[in-house]
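Student: I should like to learn how to read a model of this kind. May we proceed feature by feature?

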Amino acid sequence: EAGRRAKRLGEFIARHPLDLAGVQVNVEPHSDERWPDANAAERSRLLESLHELLRQVHPYLQGLPLSVVVPWWYSHIAPNVPEASPTALFQEADEVYLMAYGDDDPRTDENFAGSLRARLSSAFAFAEIGPTHVVLSTHEFPSPAKLESELKKLRHTLASSPNFAGTAVFHANSDFQAPAKRPVRSRSR
């Protein structure tokens, strides 16, 4: 299916050479149902399927840049899962969009600004290798003003990274949220 779609994309690019600035692949191997219980070798195989997809798509792009979307914590698992490393991903993709938002609801985190800064260590890891965009999500902010304030700080923080390519905002199916009370989490599974 990926090959068929890549071929159709290539045909579109040939017919409309000036209509696209690049192509982005947002396939998240960590969302596979096998990921939570997988060992490092199994996770490597799941990530290798992403690499293979990128290799299939790239030849059809007629010179357009290919970007891949990955979560901020990929650089942290790279010592055990080399396919998650910035170096490995940049062998297949021209740009990386780093999702710098969390899996939990950060509105319950009293030190959210600190947790965002902690996630930026991954942004530095990727930006040292190739063009890296850092993505924030609207659902983590109480208002557009707070998001814009954090984007400004983020751009300032990463401005000296040689390959920092800018910021992006993920907002599909999410909105700005008012502060929430910390949920009571059950310890049982």
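Student: Where is the place of Asp32?

Tutor: Asp32 sits in the loop between β1 and α2. Helices (H or I, at least four residues) and strands (E, at least two) are DSSP runs, numbered from the N terminus. Before we continue, please note that this is a predicted model, in which local features need pLDDT of at least 70 and side-chain atom pairs count only at pLDDT 80 or more, while totals for chains, interfaces and linings use all residues. Residues are numbered from 1 along each chain as its sequence is written, and side-chain values use heavy atoms, with hydrogens and water left out.

Student: Is Asp32 buried, exposed or partly exposed, and why?

Tutor: Buried means under 20% relative accessible area, exposed over 50%, and partly exposed in between (1.4 Å probe, protein chains only). Asp32 is partly exposed because its relative accessible area is 22%.

Student: What should the 18 residues of α2 span?

Tutor: The expected span of a helix is 1.5 Å times one less than its number of residues. For α2 this gives 26 Å, and the end C-alpha atoms are 26 Å apart, which agrees.

Student: Which residues of α2 are buried, and what do they pack against?

Tutor: The buried residues of α2 are Ser44, Leu46, Leu47, Leu50, His51, Leu53, Leu54 and Val57. Contact means heavy atoms within 4.5 Å. The buried residues of α2 pack against α1 (2–15), β1, β2, α3 (74–77) and α4 (86–92). As for direction, axes are lines fitted to C-alpha atoms, for helices over the stretch in contact, and angles run from 0 to 180 degrees between N-to-C directions. Helix α2 (residues 40–57) lies across β1 and β2, and runs at about 165° to β2.

Student: What is the order of the strands in the sheet?

Tutor: Two strands pair if DSSP finds at least two bridges between them. Here 5 strands form an open sheet in the order β1-β2-β3-β4-β5, with parallel pairing. Its edge strands, β1 (23–25) and β5 (164–170), each pair on one side only. On average, neighbouring strands of this sheet are turned by 25° against each other, direction ignored. Between β1 and β2 (residues 66–71) there are 3 bridges, and Gln24 stands opposite Ser67 in β2.

Student: How many residues of β4 are buried?

Tutor: In β4 (residues 132–137), 6 of 6 residues are buried. One face carries Thr132, Val134 and Leu136, and the other His133, Val135 and Ser137. Strand β4 is joined to β3 (residues 95–99) by 4 bridges and to β5 by 6 bridges. Met99 stands opposite Val135, whereas Leu136 stands opposite Val169 in β5.

Student: What do β4, α6 and β5 make?

Tutor: A crossover is right-handed if, with the strands pointing away from the viewer, the path from the first strand over the helix to the second runs clockwise. Together, β4, α6 (residues 144–158) and β5 make a right-handed β-α-β unit.
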